[in-house]
Amino acid sequence: MKKENLNWEKRRKYITYAVVLLTVVYILQLFKLQIIDKDYKQWADSNAFLNRKIYPPRGVMYDRNEKLLVYNQPAYDVMVIFRETKPMDTLAFCRAVNLPIDKFRQKLADVKNQKLNPGYSSYTPQSFLTQLGNKEYGILQESIYKFPGFYIQNRTVREYNYPNAAHVLGYIAEVDKQNLADDNYYIRGDYIGKSGIEKQYESYLRGTKGVEVLLRDAHGRIKGKYENGIHDQDPIAGKDLTLSLDVDLQAYGEELMKNKLGSIIMIEPKTGEILCMVSSPTYDPSILVGGRQFSENFTELANDPYIPLLNRALNGSYPPGSTFKPLQALAFLEEDIIQPSTAYSCAHGFPPGNGHPACHSHPSPLTLVPAIGNSCNSYFCWGLKAMLENKKYGTIQNAMNKWRDLMVAQGYGRSLGIDLPGEKRGSIPNGEFYDKRYKRWNSFTVISIAIGQGEVEATPLQICNFAATVANRGYYIPPHIVRKIKDTPVDPFYTQPIYTGINAAHYETVANGMRWAVDGPGGTCRGADIPDIEVCGKTGTAENKGKSHSLFMAFAPKDDPKVAVSIIIENGGWGATYAVPIGRLMIEKYLNGAIAESSRWMEENMKNAVVLRNALPKK
């Protein structure tokens with residue numbers, strides 16, 4: 001009897017353990033299904049609801065005169081919920097959307113590929129086709145009921161009122177794998193700014209998505225809004241931008257730069273606002289809109305040997321040539337290496353006796369102002385030699401580092417922080433650089449940097465910003481392209497002046513030298529002289545592997561500056577040949593509003609000039 005009771009007690013204990021274990025397993029499974037594993041919830045929700053994303057209109061863009069540049073037009077995406085798909089007439093679907101059957105199969109595979117589409121779920125809407133054309137949309141809309149699991153979602157695409165400023169405005173394209181990994185705002189099939197303002201101001205322009213919760217019946221058919229839409233979320237439109245760009249000035253600059261490689265930049269010195277930014281060759285921004293059209297046109301642009309997708313104004317890095325000489329003058333004056341009255345002789349080159357760098361014929365000796373105006377190579381070589389060999393620095397390395405610091409203070413060899421992506425820094429060498437390059441070196445080794453050659457490189461933006469700095473007599477406002485953001489203050493960085501630390505009186509001396517270059521005897525940019533406007537300028541002829549680049553920088557008027565400009569024509573030869581007349585026309589157009597009849601011949605010559613034959617296209 002006792003043995004039977006013991007056996008029963010054991011059995012009851014084991015049964016109790018088994019029940020407890022099964023209960024725990026059951027609870028854990030319920031917890032996994034309902035809390036941890038989202039598939040069950042998604043399956044349940046997808047049977048009862050359809051959460052349809054509502055895309056906000058992207059912010060539009062205006063120029064400084066409130067002319068509408070970029071806006072939105074309706075577009076249509078095809079979405080698919082794989083859990084709801086059923087056997088269908090695939091060929092009929094492909095005919096409706098003008099899609100080859102092999103691409104249809106490939107798109108199905110891509111959508112289900114977790115590597116290409118992170119977060120894929122068969123219960124949630126997935127992007128299948130984007131930016132359907134009006135014709136395809138109309139055909140598909142009539143027969144969409146034949147293709148269970150597929151539906152059409154309204155979107156918008158970019159439209160452009162002007163065929164200009166493509167590099168500034170940028171373009172949008174479908175998100176890639178990296179975009180999806182970087183920001184969970186996006187899902188496959190979304191669009192994002194890829195360049196220009198579209199990229200830089202993406203977080204402002206994109207807005208916030210909304211959602212519409214629709215109720216399904218037992219057969220999966222949409223019955224209307226769930227609980228009269230109280231769970232819906234309205235989208236929030238992207239913020240509109242007002243740019244500093246003058247679209248008419250931009251268009252004029254692009255016309256002058258046809259059949260040339262290079263750039264034009266114009267800045268308002270008092271504000272740092274960019275009035276125009278031309279990079280040539282350019283393209284009509286409207287060609288990079290839409291699915292198939294985008295792909296074909298982008299490929300064509302990417303394969304063009306003259307690289308029209310490159311924004312040369314920011315991403316081009318060139319020897320600044322003689323436009324660099326005013327920076328040298330400021331450094332030598334600030335360091336008390338020279339005075340405005342200091343004179344150096346020139347015998348057609350440095351060192352004397354037809355040395356290299358060579359120099360052209362002009363009076364000799366020269367003091368500083370006419371040396372700037374006549375663009376004397378020898379003068380600035382003598383000045384750099386005097387600075388690098390000055391005993392107050394202790395070593396030539398220390399002298400070179402001080403020289404470097406003065407160049408950087410004036411905006412060279414570093415990013416200026418413009419509100420556009422991809423700005424290059426250029427290149428300014430220091431003592432350590434030359435120590436690594438040469439076992440021994442002296443002022444003669446590096447003398448070409450005095451005239452903007454050798455290891456010195458600058459972007460067109462940096463050259464224009466320096467012209468604005470001279471115009472302001474020693475400071476600049478960081479260059480920027482956006483004037484206003486709707487209901488949002490602009491970053492204060494773009495309103496604060498940055499001082500170079502160099503005495504303003506030295507800038508006045510340099511401004512006088514740049515004025516001499518335009519109206520003085522032997523001036524190298526007399527072609528920039530405009531009646532009733534005091535233009536201050538400086539030419540540059542920068543040596544490179546091909547024919548020399550033609551450069552010009554200027555500001556005007558001298559004592560009340562309203563505009564600064566830089567021009568570069570790749571392989572254009574002398575600065576006075578192409579850069580000066582184009583710069584003069586741009587200044588005249590902006591300040592006078594029109595080109596005088598007396599300047600029409602120059603305008604026609606520049607519009608019709610072709611400067612491509614000596615260029616070095618991408619291989």
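User: Is R515 buried or exposed?

Analyst: Buried means under 20% relative accessible area, exposed over 50%, and partly exposed in between (1.4 Å probe, protein chains only). R515 has a relative accessible area of 12%, so R515 is buried. Do keep in mind that this is a predicted model, where local features need pLDDT of at least 70 and side-chain atom pairs count only at pLDDT 80 or more, while totals for chains, interfaces and linings use all residues. Residues are numbered from 1 along each chain as its sequence is written, and side-chain values use heavy atoms, leaving out hydrogens and water.

User: Which residue forms a salt bridge with R515?

Analyst: A salt bridge is a side-chain nitrogen of Lys or Arg within 4 Å of a carboxyl oxygen of Asp or Glu. For R515 the partner is E534, with the closest N and O atoms 3.9 Å apart. The pair links distant parts of the chain, 19 residues apart: R515 is in helix α19 (residues 504-519), and E534 is in the loop between α19 and β16 (536-542). Helices (H or I, at least four residues) and strands (E, at least two) are DSSP runs, numbered from the N terminus. E534 has 35% relative accessibility, so it counts as partly exposed.

User: How many salt bridges does a search of the whole structure find?

Analyst: The search finds 30. One of them joins K67 and D248, whose closest N and O atoms are 2.5 Å apart. That pair also links distant parts of the chain: K67 is in the loop between β2 (61-62) and β3 (68-80), and D248 is in helix α10 (residues 247-256), 181 residues apart. K67, at 29%, is partly exposed, and D248, at 39%, is partly exposed too.

User: What forms a salt bridge with R483?

Analyst: E273 does, with the closest N and O atoms 3.1 Å apart. This pair connects strand β14 (residues 482-485), which holds R483, with strand β12 (residues 273-280), which holds E273, 210 residues apart. Here R483 is partly exposed at 31%, whereas E273 is buried at 10%.

User: Which residues are linked in a network of salt bridges?

Analyst: R58, R158, E198 and E202 are linked in such a network.

User: And with which side chain does the side chain of R600 make a polar contact?

Analyst: A polar contact is a pair of N or O atoms within 3.5 Å; within protein, one must be able to donate a hydrogen and the other to accept it, and residues adjacent in sequence count only if both atoms are side-chain atoms. The side chain of R600 makes one with the side chain of E603, at 2.8 Å. R600 is in helix α21 (residues 600-608).
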